[in-house]
Amino acid sequence: MKRIKNNFYMLKLMWSASPKRLIWELADVLIGVSIEILYTLFFLRFIIECMQESVGFKTVIFYIFLYFVANSISRGINAYLKNVVVPETNVLIQSKLMDMIYNQALNVDLSCYENPEFYDNYTKANEEILDRGNSILENMSSLFYIIISTISYTVAVLIYEPIILPILILSLIVVNYVNRHYVGAKYERYKSCVGERRKMDYVKRVVYLQDFAKDMRLSDIFHPVLKNFHVAAEDMRVKTKKYGKTAGIYRLINALVAGLGVFLVVQGIIIYRYLTLHTYSLGVLTTVINAANSLNDSLLGLAWESARFSENGAFIDNFREFIEYKPKMVDNLEGQRPKDMGNNISLCNVSFTYEGAKTATLNHINMNISAGKKIALVGHNGAGKSTLVKLLMRLYDVSEGEIKVDDVNIKDYCLSSYRAIFATIFQDFKIFAATVTENVLLAERTSEADEKRAIEALKASGLYSKIDNFPNKMNSILTKEFDDDGISMSGGEFQKLAIARVFAKNCSIAILDEPSSALDPISEYEIFENMMQACEGKTVIFVSHRLSSATLADVVYMMENGEIIEQGSHQELMNQNGKYAEMFSKQAEKYREEGVLWA
């Protein structure tokens, strides 16, 4: 029952995307099946009887010409459907279905992206959906065609040779049983190989994406990566062979029962009754043989298309499971909305453990951040700084304790409104294949004021003079992903562009999660100085394992193993002569040796 609902669920989606496609498919089926039934049951018999009764040649040719015209119209409609309507509507249907997948991918919890099972479901939904949608439409059309023809041929067989009907029905039962097992084996084969296909797709991306190009050429990493590809391919081969043997056996049984056995029995009965008992005239014999063969084919087709119907329903489960996933973290539109500016943040005994992890990443964090303060989170890599930022942004929910903004638990806020008070740049920021303006605003430019805001942000980050020398200036396309004339820049320049995003957004709280790792210490210090000036009156939280910028903060939190081990101003922590002072002194000595002066 579930698989039946899945098929009609997909059919409804396709109708909403393109009613035109379904209407043309229906017209093609109705005209095609009508002409086939006319030819099978009446036309050949009519021609033979005309020959026996010596009907005039012109009369016969006239009816042949009428059939030719009707058949040509049917073929023309089918050709237009397959070559014009299908390609055009495939685009509309794909757009509809992929929009659903992409929107859901944005809504699912961030933790899902760290779950291999989620990626398997996403892969199955993504790679199958358009082909499976077309398969469902073709399957429905075929079923409709076959049902009409089956009814027509059954009536003809009941009129002329009812004895063969039970034989054909028995064949249908056997074939249907075999086909169900055949489809089950195919589905299990597909499902068992999803993980291997995902691994092989990963290797394919790594080989051709620019992000990996330099490392692939300057090291031997290609060989272990390729080894993973071969291991996945071999695992897929073994699984395919295992399920393929089973599917092949079922297909052979199907062919023997449905084809050779039924054909011999049914044709033997009809020919015996014609030659020995003289039951029919030659014209009627033609109708009976055609009706019996066509009914057999229709019943076999019905069994096969029913199996495809069941198979499609099983595959659509992947799509529906992904689309109907209910995020744990939802945008509570009825929730409170935080103030636009001047927000106070407090973390009360906050702990957090990633799903599946045995140990906590953060332990009993307590912190109060007053509006307008400049906060630095420092510590070695893995101390928990970035995780703390993700909790503040509510990309994850705390495992224990609570985070409050203006004395309200952040879970009680409308999620989108809450996140709107932050401007954030992470250390693994991305540059998109879009214009400079769109990359800075992270939105579409809708006015001159938008572009002016983007320009001012680039000036603040120190990148505008570079952009202004591009042929298309702010309208220049970044990366060569879609445009051969796209602009590429150095890692440090791209980081300055990413930092400009924070300058461009009018928000209450700015968060910088190690965005300057590709910059030298002087450039980093200048960026943070500019940030402090541009964010006058706003709260700034910056994360770094390099401590030169920490001198600009009102309060520094030193983190280690998921805990805050020291806190205070830069000078206070230096006076404590603890872990912070030790780390700062070591870094300062290193840069003094390199000729870099620290504040």
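Tutor: Here is a quick tour by topic.

Student: What should I know about the numbering and the model before we start?

Tutor: The model is predicted, so local features need pLDDT of at least 70 and side-chain atom pairs count only at pLDDT 80 or more, while totals for chains, interfaces and linings use all residues. Residues are numbered from 1 along each chain as its sequence is written, and side-chain values use heavy atoms, with hydrogens and water left out.

Student: OK, how much space lies in the second largest pocket?

Tutor: About 260 Å³. A pocket here is an open set of points on a 1 Å grid over the protein atoms alone, with protein on both sides within 12 Å along at least five of seven lines; a cavity is a set where a 1.4 Å probe fits but cannot get out, and lining residues have an atom within 4 Å of a point. The volume is the space filled by probe spheres set on the points, which are joined across faces, edges and corners.

Student: And which residues lie nearest its centre?

Tutor: The second largest pocket has 13 lining residues, and Asp28, Val29, Ser141, Ser142 and Tyr145 lie nearest its centre. Helices H2 (19-52), H3 (57-107) and H4 (116-160) each supply at least two residues of that lining, with H4 giving the largest share, five residues. Helices (H or I, at least four residues) and strands (E, at least two) are DSSP runs, numbered from the N terminus.

Student: Switching topic: which residues have a positive phi without being glycine?

Tutor: Arg394 is one of them, with phi near 55°, and Leu442 also has phi near 55°. Arg394 sits in the loop between helix H10 (385-392) and strand S4 (400-405), whereas Leu442 is in the loop between helix H12 (436-441) and helix H13 (448-461).

Student: Is Arg394 buried or exposed?

Tutor: Arg394 is buried because its relative accessible area is 6%; buried means under 20%, exposed over 50% and partly exposed in between (1.4 Å probe, protein chains only). Leu442, at 48%, counts as partly exposed.

Student: Now salt bridges. How many does the count come to?

Tutor: The count is 11 salt bridges, each being a side-chain nitrogen of Lys or Arg within 4 Å of a carboxyl oxygen of Asp or Glu. In helix H8 (residues 222-275), Glu234 and Arg237 are three residues apart, about one turn, and their side chains meet at 2.7 Å, N to O.

Student: Which residue does Arg308 pair with?

Tutor: Glu305, with the closest N and O atoms 3.1 Å apart. Both Arg308 and Glu305 are buried.

Student: What about Lys579 and Glu560?

Tutor: Their side chains form a salt bridge at 3.1 Å, N to O. Lys579 lies in helix H18 (residues 579-593) and Glu560 in strand S9 (residues 555-560), so the pair ties together parts that are 19 residues apart in sequence.
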